[in-house]
Amino acid sequence: MRIDILTLFPEMFVGPMTESILKRAAEERIIEIHTHNIRDFATGKHRQVDDTPYGGGAGMVMKADIVVGAIEGVIEQGQKGKREKGHNETNQSIRGNDSISQLPHRIYLSPRGKRLTQIKVEKLAKHDWLLLLCGHYEGIDQRVIDGWIDEEISIGDYVLTGGELPAMVLVDAVARHIPGVLGKEESAGEESFSKALKRKREYPHYTRPEEFRGMRVPDVLLSGHHKKIGEWRATKLS
Ligand code: SAM
């Protein structure tokens, strides 16, 4: 999967996107994450990306011409990258790029969006190209959302200063569902909200020692009786 992230603060992604499971996924080229600074698409002496809102009010609004220029520029870069990749693959007689989307699924992270859920995460993981737009200040000119965005997604009913943390949350959650990203010992199949657990919250976990400060591991988990363990775990789903 290719993920393009448009932000005013690309440095924020260093760390969360370059450690642990996401780092391994990038090294193995299962996920390709490209961050782009929206300011690089700003023109004029001051490279201004925002302006005061029509109708008045506090705060600044990110400008439609700059943000649309960034979206279109990034899509063009991505299409070029995909064409080159497809070309190399064809040369190696693997396969052409017919199945690769020519346009990314474009998401604006916004508190006004639809709440991100596990079901939505699983659906997003089926795309081969995502474009994530991070807002700042008061948000983005509505015309960008109306003309260039497929859906608005919120990570919860609270307001953050920017779309960067929501974008990281979305990438992390989606990555877990891309084949090959999780190692054998980890699995997205039986987790809270998964289909396998009937979309419920998972059962509790314990590890050694059997007793810790007077608190014992439930006997059934020490019994080795798999059917009973399964039944006990089913009773603990919530
Ligand atoms: N004026 C906006 C409102 O009241 O809905 C809030 C703007 S917020 C300060 C700046 C940016 O942070 C937004 O454009 C969005 O990209 C991001 N953001 C803030 N909270 C978010 C949330 N809960 N989910 C997703 N994105 C969020």
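Trainee: Is alanine 25 buried or exposed?
Mentor: Alanine 25 is buried, at a relative accessible area of 1%. Bear in mind that this is a predicted model.

Trainee: Which helix is alanine 25 in?
Mentor: Alanine 25 belongs to helix 1, which covers residues 20–27.

Trainee: And what does alanine 25 touch, not counting residues up to four places away in sequence?
Mentor: On that count, alanine 25 touches Ile30, Ile31 and Val181.

Trainee: How many Å separate the C-alpha atoms of alanine 25 and threonine 43?
Mentor: They are separated by 35 Å, with the two residues 18 apart along the chain.

Trainee: Now asparagine 37. Where is that?
Mentor: Asparagine 37 sits in strand 2, residues 32–37.

Trainee: Why does asparagine 37 count as buried?
Mentor: Because its relative accessibility is 18%, and buried means under 20%.

Trainee: What does the side chain of asparagine 37 reach?
Mentor: The backbone nitrogen of arginine 39, at 2.9 Å. Leaving aside neighbours within four places in sequence, asparagine 37 also has contacts with Thr7, Leu8 and Pro10.

Trainee: Which residues of helix 5 are buried?
Mentor: Glu164, Pro166, Ala167, Met168, Leu170, Val171, Val174 and Ala175.

Trainee: Last one. What does the domain assignment give for the chain?
Mentor: Domain 1 at 2–175 and domain 2 at 203–235. The C-alpha centres of domain 1 and domain 2 are 43 Å apart.

Terms used: Residues are numbered from 1 along each chain as its sequence is written. This is a predicted model: local features need pLDDT of at least 70, side-chain atom pairs count only at pLDDT 80 or more; totals for chains, interfaces and linings use all residues. Side-chain values use heavy atoms; hydrogens and water are left out. Helices (H or I, at least four residues) and strands (E, at least two) are DSSP runs, numbered from the N terminus. Buried means under 20% relative accessible area, exposed over 50%, partly exposed in between (1.4 Å probe, protein chains only). A polar contact is a pair of N or O atoms within 3.5 Å; within protein, one must be able to donate a hydrogen and the other to accept it, and residues adjacent in sequence count only if both atoms are side-chain atoms. Contact means heavy atoms within 4.5 Å. Domain bounds come from an automatic or database domain assignment.
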